[in-house]
Amino acid sequence: MWAAPIQLCSPSPPGRDPASPCVLDRSERDTQRLLDGAVHDLRGAHRAISISTELLIGGLPSQLDHDAAYAVRELQTGIAKMNALLSGVSSYALCASVSSYSFGPVAVETALTLALASLEPEIRKTGAVVVHGVLPSVVGDLRRLTELFRNLVGNALKYQGSYVPRIEINASQNSHDWLFSVQDNGIGIDQKHWDGLFVPFRRLHGSEIPGLGLGLAICRKIVEAHEGSIRVESQVGLGTAFVFTLPAT
Amino acid sequence: MSILLIEDSEGDIFLVRRALEKHGLKHDVIVARDGEQALRMLHQAEKGPAADVPQIVLLDLNLPKVGGSQILSHIRRTQALAAMPVIVLTSSDSPADRDSMVALGANVYFRKSTDLQSFMELGQVVKQLLATR
């Protein structure tokens, strides 16, 4: 059945058509509610399992038989996985919810600096060199733009090739938009995988590179909430560039 | 002296009681398991003697029937209750949720942790808030 679009509009970027970014159809709104509700209730269940496990383990003797030790290990591993999954899905749900955004003037360099600060241990560990050109101010949500850069730069650090990672962030302007690129010299991505790259839970690697497969899906949601678009350009063995647009004000 | 706990999860009620006991808080803990029941209790408290007003409210946000934010609004606009400290208990890590609860007048926004020790810190938070009254 056709459902009329529902205005859920929140704070859309000033100066932009307020209808375009934040009109969700009923199906999208229901999906958002499903996601929010599932995350909330799963958090409660996760908390109950996690804390009950702690209480049970606290009452166990220090020397466990083989089966008990296995069960405890599996419980702890499962709880940690659930925790990571819930954090990822929760973050995705938040970034997908345009009504949760708070738009205002943002110096993109500030968002990048905050992102790099949160990645400092990984940057230090990999010895990565991160450089950027002159970055503009845009109308956006600082917190979400910081998360966008944290995901993109974090990916560049995670999927490093045989060289010390070098990551460049640049911006250029066309008539309507700012075009940003986050370019690395990492392992690259085969073109056959580009289409599904921004789909939730689509992973290109096994357990050798940990991750949930949500980072790029979150990036797309953030960029789209800002009325932009994101794409990938890559060559296997040479590196990857994530290119996204944000409206120029 | 009483603490009003507005919470629908039996597991969380158990943990809150344990956190209060762990920090030596021997108050009567009165539990409302949904928003309507909480509002009824609050209406009773506002009509009764001042001594019947709970010393502190521990408020879950996602409640059956009436949500936590409506209850917080009711407390803050009711003269007999307005000075009552309210700790919002939530699973949400959304900064927007936190900001909106603080704007509505929550004294503390306590995120329910998934590890026991962090959850038990709630007792200390309650103790500190009561000490400032």
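**Close-up 1. In this predicted model, helix α1 of chain B passes α5(B) in a right-handed crossing.** The two axes, that of α1(B) (residues 10-22) and that of α5(B) (residues 116-131), come within 7 Å and cross at roughly 55 degrees. α1(B) is therefore oblique to α5(B), since an angle counts as roughly parallel under 35 degrees and as roughly perpendicular from 65 to 115.

**Close-up 2. Residues at the contact of α1(B) with α5(B).** The α1(B) side is formed by B:Leu15, B:Val16, B:Ala19, B:Leu20 and B:Lys22. These meet B:Phe119, B:Met120, B:Leu122, B:Gly123 and B:Val126 of α5(B). By class, the contact comprises 8 nonpolar residues, 1 polar and 1 charged.

**Close-up 3. An open sheet of 5 strands in chain A.** The strand order is β4-β6-β7-β9-β8, and the pairing is mixed. At the edges are β4 (129-132) and β8 (230-235) of chain A, each of which pairs on one side only. From one strand to the next, the twist averages 15 degrees.

**Close-up 4. The antiparallel pair β8(A) and β9(A).** Strands of a sheet pair through backbone hydrogen bonds, in either a parallel or an antiparallel manner. Here, 6 bridges join β8(A) to β9(A), the latter spanning residues 239-247. A:Ile230 has A:Phe244 in β9(A) as its bridge partner.

**Close-up 5. Helix α6 of chain A lying across strands of chain A.** The helix covers residues 142-158 and lies across β4, β6 (166-173), β7 (177-183) and β9. Relative to β7(A), helix α6(A) runs at about 25 degrees.

Definitions and conventions:
Residues numbered from 1 in each chain as written. Chains lettered and ligands numbered in written order. Predicted model: local features only at pLDDT ≥ 70, side-chain atom pairs only at ≥ 80, totals over all residues. Pairing = 2+ DSSP bridges. Helix = DSSP H or I, 4+ residues; strand = E, 2+ residues; numbered from the N terminus. Axes fitted to C-alpha atoms, helices over the stretch in contact; angles between N-to-C directions. Contact = placed C-beta atoms within 7 Å. Parallel < 35°, antiparallel > 145°, perpendicular 65-115°, else oblique. Left-handed = near helix turned anticlockwise from the far one by under 90°. Nonpolar A, V, L, I, M, F, W, Y, C, P; charged D, E, K, R; others polar.
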